[in-house]
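Here is a short briefing on one protein. Take a look at the sequence and the fold before reading on.

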Amino acid sequence: MKASSPQVVNSLDPRGWRETLRLGRDAIRHAFDGKVATRPLLMRYRRLVDEVLQSLWSAVHLPATASLVAVGGYGRGDLFPHSDVDVLILLEANPDGATQAAIEHLVGLFWDIGLEVGHSVRTVTECLDEARRDVTIQTNLLEARYLCGERSLYRDFELAFRAELDPQVFFEAKLLEQDQRHARFNDSAYSLEPNLKESPGGLRDLHNLLWLAQAAGIGRRWSDLVEAGLLNAGELRQIQALERFLFGLRFRLHYLAGRREDRLLFDYQNALAVQFGISATATRRASELLMQHYYRSVTIVAQMRDILIPGLRARVFPVLAELPPTALNERFQVRGNMMEAMDEGVFEREPGTILECFHLLQRHPELQGMTAGTLRALWRARDRIDQAFRRDPANRARFMAILREPRGLTWAMRSMNRYGVLGRYIPAFGRVVGQMQHDLFHIYTVDAHILKVLRNMRRLNIPELAHEYPLASRLISGFEHPEVLYLAALFHDIAKGRGGDHSTLGAVDARRFCRQHGLAPDDTELVAWLVSQHLSMSATAQKQDLSDAGVIAGFARRIPDERHLIALYLLTVCDIRGTSPKVWNAWKGKLLEDLFYATRRLLGSDSSQPSGISVVKAEAQRILRLYGLESNVQDVLWESLDDSYFLRHEAQEIAWHTRLLWKLADSSKTVVRARLSPIGEGIQVLIYSPDWDQLFVRICGFFERLNYTILDAKIHTTRNGHALDSFLVMDDAQRKVPYRDFLSYIEHELAKLLETKSLPQRAGLGRISRHLKHFPIAPEITLRPDEKGVFYILGIVAGDRPGLLSAIAQVLHQHHVSINAAKISTLGERAEDTFMIQGEVLAKQKSLMLLETDLLTVLKT
């Protein structure tokens, strides 16, 4: 069915044009449902909009010398169902009042009939001035296409714009813009909800290649690049197939969302898979299979980008191409600033050179990559990496040389993954390429996460970055054989998705690989041990009471020696940081440091870190003297506190509490004080109040209403019946409020709330996120006595949502269970909370079952 041409009785009545657009869009949607290919539908929609705009232009009285020009994606002809329609109203001179009124009328009509138009009004001179200042505007104008009006004015603009365009300046500006855009997405195309237009490897990267080709004077179509010798016929077919796939995804996504939407959100992934005819298997969702196809597609886009940009650069900067090559060795040479194989057949004849070329580029950081011909030859030869290749001692030595090279490791591994080399050399790694993770705190595919952990580990070894993580950088600087750490990073999640414990399965893979590659027995066992234990340190730090000597002793029994402890600490830091930019915070960093130091003391190698109640008290007294307080001011307060208080608080925190409370030890007044946390993030809040049943519930509700997350709660009851509670809270919304004002607000409002002692309303659970709707987390409850038999440890795993902590606290209160401490850990949208609790109900099996049932009811609500 062909989209009908506009036919309207009253040329300025928007209702008729609106109906014309509706009918045309409906016809396109009908054709789409009938499985018509996307590209013809894009062109058909463009023609529909062209005809409507041209007719409206002729109906409005604009100067005869003006032109209407399509720019941006509309100028290129890529008009998706809900794309903006970008137009330029080109004038010969600045508009007078009548012209301005006519333009406003025209633009108003565009919107009235249902077109989302982005418009600009400029003269030719203004276009050139704006293009000089902003490469984005220059790019939009590069796509300019005449629609109607004075054609000679458009030709003048086109000639002036082409004459003004400096290909070299434009080339560098667009590559810089591309780098900045990639950085906004953490330089990863492998997030679980990628933006198929803007993310690395998305449509914008394909557009960028064509823009560079236009600036170089080659043309605006992929076939022009073939004629210029920059693409071969096979690559042309491949890039056109990639473009069709991405176009099809975006077209369908717009229809599914009912608006302009370029993010492949979980909400749409399964429906998109169905539309592409993809069915679920016994082990994988249809959406996972679709997304794996997407990830592999954007990897090929990145390969095409690497192949084409050097060739385009040589056209734009011919001086580089004219430089005579210089030899690197008997197989490779430098041409311009790129590495080139002297004979492109070398990879087929001598497959070991596949690894050699990456090692050479590591050793020559001045080079920017490989020439297009070399990359093509490398890609063609990747299948030579087979079992015989992997068994070859020379190739094993080359791979270890890449790991041991002091620079370029992250680049080498990412590039080897991009070109299919890493997955073929380590087949277990190849199985996780593009594999999604639905745990709601890993936001990358398994392979992308592994490489981010490897990057994080490598960054610790760069002296210029030592300020980022001082302890980790100091520890790794003295670590013998750092390649052990890199191998642990490569293998720690390599067995995900196989079924079973991925830590155990991955340790088997790691041990085999290390033995095959000649690592010393001690190093081999360390790598395998790290893979098997890579979750243990974070679990202990975030879920257990580190003031309990039994917890530390239990963890230390799993650590063979200090080298194992250091390696596990480094891997844990890098692993957590590699899950998502939002998961790591200073509190997690401090917990890991505390566990590291406590364990090292127990292993007997850190006498510089004394411990014990007497030491903590002495240090707190020293701090108090710095504030000019007499040596005995703390006596009354400290006599009301038992040993557990001094075990669970650091000296500086004890000193802070004492400075605030030494005069109020027997007061019935509620005291709330807040300060910026010494760890560098969050707020520390002290609450001193006569104890009462609903105190913890009321505090939780207060911070939840502020959208603050409670990261840590230390609940202590003094011998004189007061609650001395310490909370660490963090702002989820990251509001830019002056901290002094906000600390004062917390102190005043929370104290007022607690002094009323009115019964709080039952906490209402907020809405679950759309992620949790698609990938719900089955609630888990564990309850066990601690090692001393004094408290019970309640562990809760559930999907996070507003009000969850208050709801849990209310259930515990209803069962007469008191909370002695709480650790609140949020990993993305997964809550993993641990409570140290007491209560008579915990000793009765029937009562325990009722408590667990009520908790599960809350968690499932």
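What percentage of the residues of the protein count as buried? The answer is 56% of the 861 residues. Keep in mind that this is a predicted model.

**Overall build**
- The protein has 40 helices and 15 strands.
- Its C-alpha trace spans about 95 × 75 × 55 Å along the principal axes.
- Take the contacts in the protein with a separation of 6 or more: 70% of them come from residues 24 or more positions apart.

**Surface and charge**
- The protein carries 107 positive and 104 negative charges.

- Four strands form an open sheet in the order β3-β2-β1-β4.
- The pairing in this sheet is mixed.
- At the edges sit β3 (117-123) and β4 (145-149), and each of these strands pairs on one side only.
- From one strand to the next, the twist averages 25 degrees.

**The β1-β2 pair**
- Strand β1 covers residues 67-70, and strand β2 covers residues 85-91.
- These two strands run antiparallel and are joined by 4 bridges.
- Which residue in β2 is the bridge partner of V69? The partner is L88.

Terms used:
Residues numbered from 1 in each chain as written. Predicted model: local features only at pLDDT ≥ 70, side-chain atom pairs only at ≥ 80, totals over all residues. Heavy atoms only, no water. Buried < 20%, exposed > 50% of the residue type's maximum accessible area, 1.4 Å probe, protein only. Contact = heavy atoms within 4.5 Å. Lys, Arg positive; Asp, Glu negative; His and termini not counted. Charge placed at Lys NZ, Arg CZ, Asp CG, Glu CD. Pairing = 2+ DSSP bridges. Axes fitted to C-alpha atoms, helices over the stretch in contact; angles between N-to-C directions.
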